[in-house]
Amino acid sequence: MISSTIVGTGSYLPEVRVKNEAFSKAQFFEKNGAKMYKSNLSIISKFQEITGIEERRYAKPEQNASDLAFLAAADALETSGIDKETLDFIIVAHNFGDVSYDSNRVNLVPSLASRVKALLKINNPDCIAYDMSFGCPGWLEAVIQANYYIKAGDARRCLVIGTETLSRVIDRHDLDSMIFSDGSGAVILQASSEPKKGIVAHKTQTYATEHSALLNMAYSYSPYDTNKDDLFIKMNGRKVYEFALKHVPEVVKNVVDKAGVPIESISKILIHQANEKMDNGILDRIFKLFGKSNIPPGIMPMSVGWLGNSSVATIPTLLDLILKGRFPEQAINNPDTIVMASVGAGMNINALVYRF
């Protein structure tokens, strides 16, 4: 039986580091345009307590999301050692395409995947390049899609990238702007006949009827913003938190049961790096669904504190850092079994069990 195995990972962490103190002089407003009455010091302190975020990364002005994707892809190709011309698919997950530093406009033509293929100088016309838009779970969903191609015999090797420059679409008068960051991560999946390795099971859900607007695009909160053409990413943080805590643990429970593995055999759970408090709540509820009260220490690595929330890039970046020994006190070895799970705009949820 053919399975999809990871033969290379890569990531790119932007060089610009933005600490929380950088927001000390920001002018924050409520959704209704009223100025926040608390001091910025108090706002930032509370924000860090809840999210765990102390700093985040921003792309340099001359870099776009496709540039970050290219750098992560090149890293993954170098790690794998494969010939880039043997790739059958390049799938790039993102939400906003390329957004220039001095603009708020989304640039989606040509696709980011085509731009990455051009930057990689891949000449093979049978290497198909296209984009995936699925909110924060987009990269994991693209991995699931690549797995279908491989298992169906339509592909042998797929490059799957998650890339984002959220710093270009945040409203700097909205305190949620402190959550988002830039970055890119990639994996190369390859067909394998080796038993008991690779993608074991996956599960995806979309809750659109009642929850599709929990993350959306809207105008700046500032009543003094005279440019009403610009739209920014907006989030109903409380509702997203409640949604994630209710539904993500159920999807993880479903996929672990589907894989036929006991929760005790899971070495790591890599959850989309959105919010430290939320992710800890999700982890606690996952183990409660399995009737477990003791959570193994270190099972859920967290990078949000120093990388922020880079949407589709958080899980592949985290995976690459761990596999390359760049994440303190964390490791994934053969034959470890891990879970990857994400939640985001749509509202979409997915989870995947992978065995190394």
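**Exercise 1.** Which helices and strands each supply at least two residues of the lining of the largest pocket?

*Solution.* Let's start with the ground rules. This is a predicted model, where local features need pLDDT of at least 70, side-chain atom pairs count only at pLDDT 80 or more, and totals for chains, interfaces and linings use all residues. Residues are numbered from 1 along each chain as its sequence is written, and side-chain values use heavy atoms, leaving out hydrogens and water.

Step 1: know the terms. Helices (H or I, at least four residues) and strands (E, at least two) are DSSP runs numbered from the N terminus. A pocket, on a 1 Å grid over the protein atoms alone, is an open set of points where a 1.4 Å probe fits, with protein on both sides within 12 Å along at least five of seven lines; lining residues have an atom within 4 Å of a point.

Step 2: list the elements. They are helix H1 (40–51), strand S9 (215–218), strand S10 (232–235), H5, H6 and S12.

Step 3: find the main contributor. H1 gives the largest share, six residues.

**Exercise 2.** Which residues lie nearest the centre of the largest pocket?

*Solution.* Among its 46 lining residues, look for Leu 175, Asp 176, Ile 179, Met 235 and Gly 237.

**Exercise 3.** In what order do the four strands of the open sheet stand?

*Solution.* Step 1: strands pair if DSSP finds at least two bridges between them. Step 2: read off the order, S8-S13-S12-S11, with mixed pairing. Step 3: spot the edges, strand S8 (198–206) and strand S11 (266–271), each pairing on one side only.
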